[in-house]
Amino acid sequence: MRKSLIIVGFILFIVGVVLGFYASQRNCLIGFITRGYMNFWTAMEILGGLTALAGIIIALIGLIKKT
């Protein structure tokens with residue numbers, strides 16, 4: 001289970017980073033911060049960041065967990 005947590009965490013991290021970088025090509029987050037305008041790609045960029053963060057946390061739990 002420990003190795004599966006690490007693998008799932010890294011897969012989530014990679015998917016989140018790719019999604020966040022693809023959505024950030026449109027300068028969505030900067031537009032959201034400066035103008036308060038949120039569109040689909042801004043939501044995808046935020047979702048990608050949260051997914052990458054969850055992936056890092058899951059991978060760290062898998063590395064630290066003693067099984």
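User: Which residues make the nonpolar surface patch of about 740 Å², and what makes a group of residues count as a patch?

Analyst: The patch is made by Phe32, Ile33, Met38, Ile46, Leu50, Leu53, Ile57 and Ile61. Patches are made of residues with over 30% relative accessible area and no salt bridge, where nonpolar side chains (Val, Leu, Ile, Met, Phe, Trp, Tyr) are joined within 5 Å and like charges within 9 Å. A salt bridge, in turn, is a side-chain nitrogen of Lys or Arg within 4 Å of a carboxyl oxygen of Asp or Glu. Accessible areas come from the Shrake-Rupley method with a 1.4 Å probe, and for residues only the protein chains shown count as cover. This is a predicted model, in which local features need pLDDT of at least 70 and side-chain atom pairs count only at pLDDT 80 or more, while totals for chains, interfaces and linings use all residues. Residues are numbered from 1 along each chain as its sequence is written, and side-chain values use heavy atoms, with hydrogens and water left out.

User: Which helices each supply at least two residues of the patch, and what makes a stretch count as a helix?

Analyst: Helix 2 (28–35) and helix 3 (40–64) each supply at least two residues of the nonpolar patch, and helix 3 gives the most, with 5 residues. Helices are DSSP runs of H or I with at least four residues, strands are runs of E with at least two, and both are numbered from the N terminus. By that rule the chain has 3 helices and 0 strands.

User: How do you know that the chain is more spread out than a compact globule?

Analyst: Along the sequence the chain follows the pattern α-α-α. Its radius of gyration is 15 Å, well over the 11 Å that the globule rule gives for 67 residues, so the chain is more spread out than a compact globule. The radius is taken over C-alpha atoms, and the globule rule is 2.2 Å times the number of residues to the power 0.38. Along its principal axes the C-alpha trace spans about 50 × 15 × 10 Å, and of the 67 residues, 25% count as buried.

User: How many aromatic pairs are there, and what makes two rings a pair?

Analyst: Rings of Phe, Tyr and Trp (its six-membered ring) pair if their centres lie within 6.5 Å, and planes under 30 degrees apart count as stacked, over 60 as edge-to-face and the rest as tilted. The count comes to 2 aromatic pairs. Tyr22 and Trp41 have their centres 5.4 Å apart and 70° between the planes, which is edge-to-face, and this pair links distant parts of the chain, with Tyr22 in helix 1 (residues 2–24) and Trp41 in helix 3, 19 residues apart. Phe40 and Trp41 have centres 5.2 Å apart and planes at 75°, so their pair is edge-to-face. Together, ring pairs link Tyr22, Phe40 and Trp41 into a cluster.

User: Is Phe40 buried or exposed, and why is Trp41 called partly exposed?

Analyst: Phe40 stands at 53% relative accessibility and therefore counts as exposed. Trp41 has a relative accessible area of 24%, so Trp41 counts as partly exposed, and Tyr22, at 41%, is likewise partly exposed.

User: Why is Glu45 called buried, and which residues is Glu45 in contact with?

Analyst: Glu45, which lies in helix 3, has a relative accessible area of 14% and so counts as buried. Contact means heavy atoms within 4.5 Å. Leaving aside neighbours within four places in sequence, Glu45 is in contact with Gly20, Ala23, Ser24, Cys28 and Leu29.

User: How far apart in space are Leu63 and Ile6, and which residues does Leu63 touch?

Analyst: Leu63 and Ile6 are 57 residues apart in sequence and 6.7 Å apart in space, C-alpha to C-alpha. Not counting residues up to four places away in sequence, Leu63, found in helix 3, touches Arg2 and Ile6. Ser4 in helix 1 and Gly62 are 58 residues apart in sequence and 7.8 Å apart in space, C-alpha to C-alpha. By contrast, the C-alpha atoms of Val8 and Gly31, 23 residues apart along the chain, are separated by 32 Å.

Methods. Buried means under 20% relative accessible area, exposed over 50%, partly exposed in between (1.4 Å probe, protein chains only).
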